[in-house]
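Subject: Structure handover

Hello,

Here is the structure for you to look at.

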Amino acid sequence: MKILGIESSCDETAAAVVEDGRKVLSNVIATSLEEHKLYGGVVPEIASRRHAESISGVVKEALEQANCTMADIDAVAVTYAPGLIGALLVGVNFAKGLALATDTPLVPVHHIRGHIASNYISSDVEPPFLCLIVSGGHSHIVAVKSYTDFEIIGKTRDDAAGEALDKAGRTMGLEYPGGVSIDKISSQGDENAFKFPKPKVSGSPYDFSFSGLKTAVINTIHNAQQKGEPIDNADLAASFQKSVVDCLITNLEKAALEKNFNKIVIAGGVSANSKLRAQAQGLCKKYNWSLYLPELKYCGDNAAMIASQGYYEFVNGEMADESLNAYATMPIDKNYKTI
Ligand code: KG4
Ligand code: ZN
């Protein structure tokens, strides 16, 4: 079964064709990242305009590269939530028009479920497993019970890990996205140079909090500036990255032990982080757990992961008609049918 995936939740306009949820036949991405770098973050209005300009060409190219026409496509899967609303609407409306015009089923896909599926196109991993999802907008620990059944075990109370890294990077004067820049310069820094407080979260033992850490790093920079003291960005980046990764790994370890998982999966843009990948490998080696990480090319936003998850949603009977809407927020454990 061939699924055409469409993704436009942030600044990547992407389309891909994936066979039976696992075999990537094409994966095309156009990004407006360079324009957003000028502003130090994604400008939603610019992202939406670029999606509108690029989407038909990107979809055409994805079909061509897969050697397909719409007659070969069994369903159109599209990211409908969560994300920037104006950006999501471009993909959703394009997918609705395409599905209607070609009489093809339309499958709504949750963006974060798509990130988890980036592992289905990177390896042969199958649910059930415990997944740490870390992106620009989300930090979750989720029990993936089946391809379409999710239980949230822990989540961030405030900022996402990627968001905290991006904001810290911005205050350090690094290029957007800060997470990528921090990862790069951390290799030249001493991760024990700065000590940051361990965030305390009351309630769920698996929840995260990154806003205090983010404020601590920003205060460190401002204090040094006020005193006219130089600050070593590589040391600061490495120390901050270590603190963020420690929080993620501590809760992941706790959740896996207490919920009895020995299969661990990491997903989302921050899963490209070299420190997180190394720490996750160390953790899983310690307990002899199996670890699955997405290939680097599938860590960030792409449509192959949407087509992959779309296949499993379609097989599970998840379909939408032309009344499909886009949503800026949506819990991962909610199925489209029950909205
Ligand atoms: O999944 P994603 O592409 O978009 C969302 O769904 O949010 O994630 C983007 C986030 C950004 O915060 C970016 O800084 C972060 O992923 N990121 C990284 C790395 N590559 C991307 N963070 C740390 N290290 C990286 N290598
Ligand atoms: Zn994403």
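Below is what turned up, starting with the metal site.

Please keep in mind that this is a predicted model.

Zinc site

The zinc ion (ligand 2) has three protein ligands: His 111 and His 115, each through NE2, and Asp 301 through OD. The distances run from 2.0 to 2.1 Å. Along the sequence, the donors follow the spacing H-x3-H-x185-D. His 111 sits in helix 4 (residues 111-117). Asp 301 comes from the loop between strand 10 (290-292) and helix 10 (304-315). The pair therefore ties together parts that are 190 residues apart in sequence. His 111 and Asp 301 are both buried.

Salt bridges

The structure contains 15 salt bridges.

Glu 175 pairs with Lys 37, with 3.5 Å between the closest N and O atoms. This pair links distant parts of the chain, 138 residues apart. Glu 175 is in the loop between helix 5 (161-171) and helix 6 (178-186), while Lys 37 is in helix 1 (residues 33-37). Glu 175 is partly exposed at 48% relative accessibility. Lys 37 is also partly exposed, at 23%. Glu 34 joins Lys 37 and Glu 175 in a network of salt bridges.

Glu 191 and Lys 275 meet at 3.0 Å, N to O. Here too the pair links distant parts of the chain, 84 residues apart. Glu 191 lies in the loop between helix 6 and helix 7 (211-227). Lys 275 belongs to helix 9 (residues 274-287). Lys 275 has 15% relative accessibility, so it counts as buried, the limit being under 20%. Glu 191 is partly exposed at 28%.

A buried alanine

Where does Ala 95 lie? Ala 95 is part of helix 3 (residues 85-102). Its relative accessible area is 0%, so Ala 95 is buried. Leaving aside residues up to four places away in sequence, Ala 95 touches Ile 6, Val 76, Val 78 and Leu 106. Val 315 is 220 residues from Ala 95 in sequence and 19 Å from Ala 95 in space, C-alpha to C-alpha.

Best wishes

Note on methods
Residues are numbered from 1 along each chain as its sequence is written. Chains are lettered from A and ligands numbered from 1 in the order in which they are written. This is a predicted model: local features need pLDDT of at least 70, side-chain atom pairs count only at pLDDT 80 or more; totals for chains, interfaces and linings use all residues. Side-chain values use heavy atoms; hydrogens and water are left out. Helices (H or I, at least four residues) and strands (E, at least two) are DSSP runs, numbered from the N terminus. Buried means under 20% relative accessible area, exposed over 50%, partly exposed in between (1.4 Å probe, protein chains only). Contact means heavy atoms within 4.5 Å. Donors are N, O and S atoms within 2.8 Å of the metal (3.2 Å for Na, K and Ca); water is not among the atoms, so sites may look incomplete. A salt bridge is a side-chain nitrogen of Lys or Arg within 4 Å of a carboxyl oxygen of Asp or Glu.
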